[in-house]
Amino acid sequence: MEALLAGVRARQRRLLWLEGALLGAATLLVLLVAGGFLALAAPSAGRWVMMLAPVAGAAVACVLGVYVALRTVGDDARTARLIGEHLPELSLDVLAAVELSRGRGPEASHSPTLVDAFLRQMDERTRLVDVRTVVEGTRLKRAGLVLGGVVLALLVVLGLGGEQWRKGVARALDSARQPERPVQLEPITGDIELTYRYPAYTGLTPRTVPGTNGEVSAPAGTEVALRTRSDREVERAELVVNGETLPLVVEGQRELSGSFLAKKSGSYHFVFYDTGKKPLVTGPDIPLNVEVDAPPQVTLLTPATEIEVDPDEQVTLKYEATDDYGLNGLALVFRMPGAREESRLELPREDGRRDRGTHTWDLGNLKVEPGDRIAYYIEARDNDAVEGPKRGVSRTQVLRIYSAAEHVRAALEKAEALWGRMVDHLADRLEGPDREKVKDPAKVASAQSVDASGQTLVTDMRALAQELSRERDTPAELVTALVNISDALGEKVRATSDFRRLYLRTQQRRRGEDFGTGARLSSILEEEILELEKDVLYLESLLDRQKLEALQELAKRLASERRELSRLIEEYKQNPDEQVREQVMQQIDAVRARMDELMRRMAEMRKGIRDEHLNAEALAEMMKDQDMQSALDEVERLMREGKADEALAKLQELSMQMDEMLSGLDGAQDAFGNEQYPELAQKFGQFMEDLEKTMQEQQRVAQETRALRDQARERNRDQLTERGQGMKEDLRRQLEQVQKSYERLRPEDLNSRAARPLEEARAELENAQSALKVEDFDLAAEAVQRASEAAQQLSQYGEQQRSLDELYGNPEEVRQQSARLAERLEQDARTVENVNRKLQSLFPPPGSQMGQQEKQQLQQLAQEQRSLEQQAQGLRQQMQEMEQMAPIFGQEAGEQMDEIGRRMGEATERMQGHDPGRGYGEQQAAMEGMRRFQQQMRESQRGRGKGRGLPLPMGMGRREGSGRDPRDKVEIPDEEAYQAPKEFRKDLLDAMKQGAPDKYRDQVKRYYEELVK
């Protein structure tokens, strides 16, 4: 039993010492880390904390191992009670044994024999007891967990701020070092003369500075020579520069001289010696400032931002580079897409510290593809011969190679977003309260938000059309469709909104009675819904068509990439060199990346095309079967094995599959729209045929009318000339005044429709002045009549602009300006009309110079002209019918066809009034309108495939821009560009053959010669 008691007490003391050691270690670590961070602010305090860390750790260990052990490890009785607490089966027996052992003796009141027997029994029982069951290691485990947690936390702290901790420790250690105090720190020399011998690369001449305090400031590598006088006689002197000792030359025991090389900043001081080795005196530290050679500064002036360029374009780079001592090189550094290394292009430079230059970078020498991005910057190197050349770079810019496919894709995305808003607007209209038979005024009023969103949609559609019209390669039919849809839909939305306000005002005045405004609102709304349904379906089909064309283009690029790879393999086959094979491998990687990109784009594009336009599942399966990646992997494997023939065969197999895909896409393009718009396609084809027939008939009738006009002119020529000579100069002066007024006028001062009448007015006024100059009053009258019509239109536009400025309450200055402009245009129109009346007064009454047979012929032609007018009305009706199916004609197209019909009607009336001259002029105007109309229709349908599929919208020149990029080359017109139309020139030549009166023959000849030129 005594052994058990001793073992328990020994284990208690051992565990306490171990617990103390663990907690002491934790204390030690915490204080060491804390002292390091504390030393950042207070080096001495941090040093003391770290110095006390071991003492604190040992103190913690001793407290637990000594003090706590004395208080917790007791005598036999306390130990017996501890055993009893943990071993209940021995609790009373152990304590009894301890008390009996203490009470053994001659005076004991109990039997010694029984006590001995009991104690022997207890010895046997306690011999098998494990002291670990009595004294558990729970507290030791807790101490271990504390130490582990502390270690983990400190590791995290040191991981985040280890560098700061090390700096703190270094500061604490530095503060512990006591520097060796010099014998004397007062100045021991007089003024110091410094001579700087700069490095050769700086280009600086040597410089001597007398009478200084010795402070040195120079570039690295500068040799500093100094001369001074000591304050006492010395046998020997040294110069200590940043810890390096250099001897000084002593002359006359007082004059000192020497030199050192400035390498890094710090300090230097003088040390004097007598005949012994021990320093006699040490001077104070003198600052040594070594100026750092800064790297060059480079600025890329232009381009200022990322720009988009053509593959063969020349980009002008303007740059500026400076260095404190001189430039040693300039280079343009760029990285091509997929390149492993950067490319360098050395730039010319001037010797000096500053270089400002311009470089024309010809991208035609680079192998780039549409959509590539080239990162570039300007690099400059200085001429530092001491520490080595330093490098400075400008900001990195990016050149984006123009990609028509990307622009088209972006345009389609924007248009598709608007299409989605149209669908949402249609859904709002279909589910709105306006369609209910019994209307709730509150609900009808709440639908005003739908009106506002519809107007915003129309505005955004027009804005997008203007934005896309200014970009090149944007599909013209998409821009035209947006314009046509915005015009038609805008009118419907405004009508619905206006009638809603009328209905609500009616409800406010007469509750319960709407006087039919509710039914009318429903009717107008149905018209808007029909317009929306038509526009949504057509725009969706048009977007699908554009996506299909984009798919075709991507498929062609895939085929082009495949052909390029085949060419490279053929080259390797002719020259089986290892280096050439490696180039082929690199090209395969580049082609693989580009093909993957194209296939990804094709996969994205085909998802948005409806199945009636393209069998998307069949195309997807075809693309899956082709598996471009695995095919290229197989080609690469064959090339690595040197099997060029098999690689070419594999590419040929891939080529056949791609040709099949292209054929399928071409077939889908040719038949596009036939299934959805078969009736529209048929009507459109018939319309084009009827237009052509009408033009041919009009041309025939006009030629016969011209023949009658020429006969009447010939009879009246001499009389007309005599009557017009007296007024021609006054008429020319008035027309010239109006011409100058129109030259100052800009179309944007009125509206977008003013450009055409303004151009027509200017041209006709110029023709009229030229005709008056040579006394051709007949030609002048025709020109002035057309100019008068254009002038009246301009006057109307001016009055409309003045009214709008007044209506919207624009600033006073704007209203005054528009009022002055309207007044000026009205005066110009009156002037031109006055000239027109005077010229018309020169001519005899219509028909007075014609015979009866000629009048009958003219009446017959008038009947035929009336029939042509009816045909033009029929063409306008066909346009309206097609407009009900799709927005292929815009507002301006309808207006132009109406103008053609009006001109034909005017020609009929003139001819019925026996005036073949004016009738022929109106016929010519109608012919020109039809010719322009037909030309624009043909341009809008150009390149749509072989089939008679989806008719494309007709723009009528409404685009804000030409779609031409400003960087495109502009063809300079030659001398033939501004010749008169062939028909006009033929008329002039025919008239020249008829001859002229003798006294006017020379003038007329010169006039016609000038016109023909």
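1. How to read the numbers. Residues are counted from 1 along each chain as its sequence is written, and side-chain values use heavy atoms, with hydrogens and water left out. Because the model is predicted, local features need pLDDT of at least 70 and side-chain atom pairs count only at pLDDT 80 or more, while totals for chains, interfaces and linings use all residues. Helices (H or I, at least four residues) and strands (E, at least two) are DSSP runs, numbered from the N terminus.

2. Helices α18 and α19. Two packed helices are described by the angle between their axes and the distance between the axes. Axes here are lines fitted to C-alpha atoms, for helices over the stretch in contact, and angles run from 0 to 180 degrees between N-to-C directions. Helix α18 (residues 728-743) and helix α19 (residues 755-773) have axes that come within 10 Å and cross at roughly 155°. That makes α18 roughly antiparallel to α19; angles under 35 degrees count as roughly parallel, over 145 as roughly antiparallel, 65 to 115 as roughly perpendicular and the rest as oblique. The crossing of α18 with α19 is left-handed, meaning that the near helix is turned anticlockwise from the far one by less than a right angle; clockwise would be right-handed.

3. Who touches whom in that pair. Contact means heavy atoms within 4.5 Å. On the α18 side the contact includes L731, L735, V738 and Y742, and on the α19 side it includes L758, A761, L765 and L772. By class, the contact of α18 with α19 has 9 nonpolar, 2 polar and 7 charged residues. For these classes, Ala, Val, Leu, Ile, Met, Phe, Trp, Tyr, Cys and Pro count as nonpolar, Asp, Glu, Lys and Arg as charged, and the others, Gly among them, as polar.

4. Helix α20 and its partners. The axes of α20 and helix α21 (residues 812-841) come within 8 Å, crossing at roughly 160°. That makes α20 roughly antiparallel to α21, and their crossing is left-handed. Their contact has 15 nonpolar, 8 polar and 7 charged residues. With α24, α20 packs at an angle of about 50°, and the axes are 11 Å apart. The two are therefore oblique to each other, in a right-handed crossing. Here D778, A781, E782, Q785 and E789 of α20 meet G917, R918 and E922 of α24, a contact with 1 nonpolar, 2 polar and 5 charged residues.

5. Two backbone details. Most residues other than glycine have a negative phi, and most peptide bonds are trans. From T302 to P303 the peptide bond is cis, with omega near -5°; P303 sits in the loop between β12 (297-302) and β13 (307-309). N242 is not a glycine, yet has a positive phi of about 50°, and lies in the loop between β5 (236-241) and β6 (244-247).
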